[in-house]
Amino acid sequence: MSDANVLEKAGRVPAGGVLREAVDFRARLMELTQESHDAALVPREPGGLSHALRAALAQRIVRICDDPELEHHYAAMAGDADAAGHGMPGSTSDEERTSAILAYVDKVTRTPRDASEADIARLRAAGVGESDVVRLAGLVAFVNYQCRVARVLRLLGEQP
Amino acid sequence: MSRVVEKFTTRVPRWRPHVRPLAFDEATGEQRDALRETPSGTKISDYVLVLAHDPQALSARTPLFNGIMYAPGGLSRAEREIGATAASFVNHCIYCAAVHASRYNQITGDTTLMRKLFVDGEKADIDPRAKAIVRFSVRLSECPPQVEADDITKLREQGLDTQEILDLALSTALFGWANRLMHTLGEPVSDD
């Protein structure tokens with residue numbers, strides 16, 4: 001488990017001032033966001049999605065979302081474990097299961113409006129089980145939430 | 001006979017999962033604990049039974065969802081619903097848009113704002129404060145997110161303070177999350 005609050009750090013929330021007060025007023029939501037981060041990235045039961053793969057996929061998402069602060073965080077989490085380079089947007093895999101996972105991550109991050117049952121069918125056909133489909137969707141959805149809040153926190157901190 | 005709903009509506013459709021919902025009598029202790037609280041305090045739906053496949057994530061997500069949408073103070077509940085609906089609009093999550101537009105209508109007793117938004121989107125002729133909120137939420141929901149300092153300034157010009165802007169960012173981003181679950185793990189259907 002991470003001890004620091006990842007979102008507040010990536011959002012560069014200052015130690016004092018109006019933004020700090022606003023964030024502290026929502027302290028319980030910041031804690032639950034951190035718990036959600038840990039559940040998505042380093043869950044007790046990772047199923048078929050290893051912690052290393054999760055960190056690489058998160059890195060891929062925040063790069064697509066153009067968030068250098070979170071990119072730094074997820075790069076540190078992925079460490080040397082992302083030997084295959086899945087953290088890099090546009091990278092592909094020869095392996096069918098990984099390829100289906102990367103395609104889902106890219107589509108649901110960039111154009112969720114275009115997602116359909118066929119995307120879930122592709123994951124299933126590539127051997128991703130029901131629980132892992134839910135775990136993967138949860139990871140992608142969480143990181144897309146996190147990078148949007150981080151962006152607004154940084155803007156509010158720069159322009160108090 | 002069920003058909004997939006493809007147009008925005010405030011009539012809440014049924015959500016048909018693409019993933020098998022957990023059977024409640026097969027749930028583990030951790031899964032049952034995660035199902036004790038539900039989003040918006042509604043009954044245990046197929047949606048939460050799908051999410052219960054990942055109980056650790058669900059047990060943090062539900063109180064976070066309820067806190068972002070309903071915790072007292074800061075931005076009004078109605079304006080949080082505008083953020084949620086605008087995100088659902090960008091992400092084309094017809095189910096979430098229907099639920100949260102109708103919640104806005106219930107809270108305010110006014111149906112004109114959502115009707116105008118559903119017809120004209122960002123260009124809708126609505127009051128300037130609602131317009132600034134919609135613009136901000138739409139831009140934040142794009143990929144990559146498009147919000148800049150100028151969007152914050154526009155909110156401040158309409159009287160939103162730092163707390164209200166943070167709360168709006170939370171409710172909008174929360175729907176960047178919810179839409180990516182609801183719109184990919186299932187689809188809205190109408191049972192005629």
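Start by selecting α8 of chain B in this predicted model: the buried residues of α8(B) pack against α7 (128-141) and α9 (162-185) of chain B, and also against α8 (130-158) of chain A.

Within α8(B), residues 149-157, they are B:Asp151, B:Ile152 and B:Leu155. Look down the helix axis: the three span an arc of only 100 degrees, so they sit on the same side of α8(B). Just after the helix, click on B:Gly159, which takes a positive phi of about 95 degrees.

Next, bring α7(B) into view alongside α8(B). Their axes lie 9 Å apart, and the helices pack at an angle of about 155 degrees. Angles over 145 degrees count as roughly antiparallel, so that is how α7(B) runs relative to α8(B). The crossing is left-handed. To see the contact, show the side chains of B:Ala132, B:Ile133, B:Arg135, B:Phe136 and B:Arg139 on α7(B), then B:Asp150, B:Asp151, B:Ile152, B:Lys154 and B:Leu155 on α8(B). Colour by class and you will find 5 nonpolar and 5 charged residues, with no polar ones.

For the last stop, move to chain A and select α6 (residues 96-110) with α7 (residues 117-125); they pack at about 160 degrees with axes 8 Å apart. That makes this pair roughly antiparallel. Here too you can check the handedness: α6(A) and α7(A) cross in a left-handed way. From α6(A), pick out A:Glu96, A:Ser99, A:Ala100, A:Ile101, A:Ala103, A:Tyr104 and A:Lys107; their partners on α7(A) are A:Asp119, A:Ile120, A:Arg122, A:Leu123 and A:Ala125. By class, this contact holds 7 nonpolar, 1 polar and 4 charged residues.

Note on methods:
Residues numbered from 1 in each chain as written. Chains lettered and ligands numbered in written order. Predicted model: local features only at pLDDT ≥ 70, side-chain atom pairs only at ≥ 80, totals over all residues. Heavy atoms only, no water. Axes fitted to C-alpha atoms, helices over the stretch in contact; angles between N-to-C directions. Helix = DSSP H or I, 4+ residues; strand = E, 2+ residues; numbered from the N terminus. Parallel < 35°, antiparallel > 145°, perpendicular 65-115°, else oblique. Left-handed = near helix turned anticlockwise from the far one by under 90°. Contact = heavy atoms within 4.5 Å. Nonpolar A, V, L, I, M, F, W, Y, C, P; charged D, E, K, R; others polar. Buried < 20%, exposed > 50% of the residue type's maximum accessible area, 1.4 Å probe, protein only. Arc of directions from axis to C-beta.
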